[in-house]
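Hi everyone, thanks for making time. Please have a look at the sequence and the structure, and then I'll walk you through what I found.

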Amino acid sequence: MIEAIGYVGSAGAATMWVPQAVQAVRHRRDPAALAALSLLSYSVAMVFNVLLATYGSLEHARPVILAGVVNLLCSTVIVTVLVTARRRTSAARDEPGATSTSAGERS
């Protein structure tokens, strides 16, 4: 019974990250949609989920391992999308001939 409670809790903890990862992938080319996501927060989450999965492995706690691994995968996907999008945005700004349009200029 106790292990079942652990699996239910792990399933809830794991599934709450999945929609955010799906949205990040879905909107990976939309900087405005990704702007609300914190690269620092998800990077810290990656570290803590590695620790959580390691702890679960050492304690042979399968529900903890499951939650740690699923959350680590989701946070890794989000961090990868954010880093890639920010690099793409930065590269586009740094391209020769790239112009920024101020509020008063129209093309």
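Let me start with one term: buried means under 20% relative accessible area, exposed means over 50%, and partly exposed is in between, with a 1.4 Å probe and protein chains only. Next, the ground rules. This is a predicted model, where local features need pLDDT of at least 70, side-chain atom pairs count only at pLDDT 80 or more, and totals for chains, interfaces and linings use all residues. Residues are numbered from 1 along each chain as its sequence is written, and side-chain values use heavy atoms, with hydrogens and water left out.

So how confident is the predictor? For pLDDT, its confidence in each residue on a scale from 0 to 100, the chain has a mean of 86, with 90% of its residues at 70 or more. By contact I mean heavy atoms within 4.5 Å.

Now the overall layout. The chain has five helices and zero strands, and along the sequence the pattern reads α-α-α-α-α. Helices here are DSSP runs of H or I with at least four residues, strands are runs of E with at least two, and both are numbered from the N terminus. Of the 107 residues, 22% count as buried. The accessible surface of the chain is about 7400 Å², and 66% of that belongs to carbon and sulfur atoms; these areas come from the Shrake-Rupley method with a 1.4 Å probe, and for residues only the protein chains shown count as cover. If you take contacts between residues at least 6 apart in sequence, 71% of them join residues at least 24 apart.

Let's go inside. Which elements give two or more residues to the largest nonpolar core? First, the core itself: it has 13 residues, and those with the most contacts inside it are Trp17, Ala24, Leu34, Leu37, Tyr42, Ile78 and Leu82. A nonpolar core is a set of buried Ala, Val, Leu, Ile, Met, Phe, Trp, Tyr and Cys residues joined through side-chain atoms within 4.5 Å. The elements that give two or more residues are α2, α4 and α5 (62-94), and α5 gives the most, with six.

Ile78 is buried, with a relative accessible area of 0%. Leaving out residues up to four places away in sequence, Ile78 touches Gln20, Ala21, Ala24, Leu37 and Tyr42. Take Leu37: Ile78 and Leu37 are 41 residues apart in sequence, yet 8.6 Å apart in space, C-alpha to C-alpha.

Tyr42 brings us to the rings. A search of the whole structure finds one aromatic pair. The ring centres of Trp17 and Tyr42 are 5.8 Å apart and their planes are at 80°, so this pair is edge-to-face. For the cut-offs, rings of Phe, Tyr and Trp (its six-membered ring) pair if their centres lie within 6.5 Å; planes under 30 degrees apart count as stacked, over 60 as edge-to-face and the rest as tilted. Trp17 is buried at 16% relative accessible area, and Tyr42 is buried too, at 15%.

The structure holds one salt bridge, and a salt bridge is a side-chain nitrogen of Lys or Arg within 4 Å of a carboxyl oxygen of Asp or Glu. Here the side chains are those of Arg62 and Glu3, at 2.9 Å, N to O. Arg62 is in helix α5 and Glu3 in helix α1, 59 residues apart.

Beyond its neighbours within four places in sequence, Pro63 is in contact with Glu3, Gly6, Tyr7 and Ser10. Ser10, in helix α1, is buried as well, at 7%. Not counting residues up to four places away, Ser10 touches Pro63, Val64, Leu66 and Ala67.

Terms used: pLDDT is the predictor's confidence in each residue, from 0 to 100.
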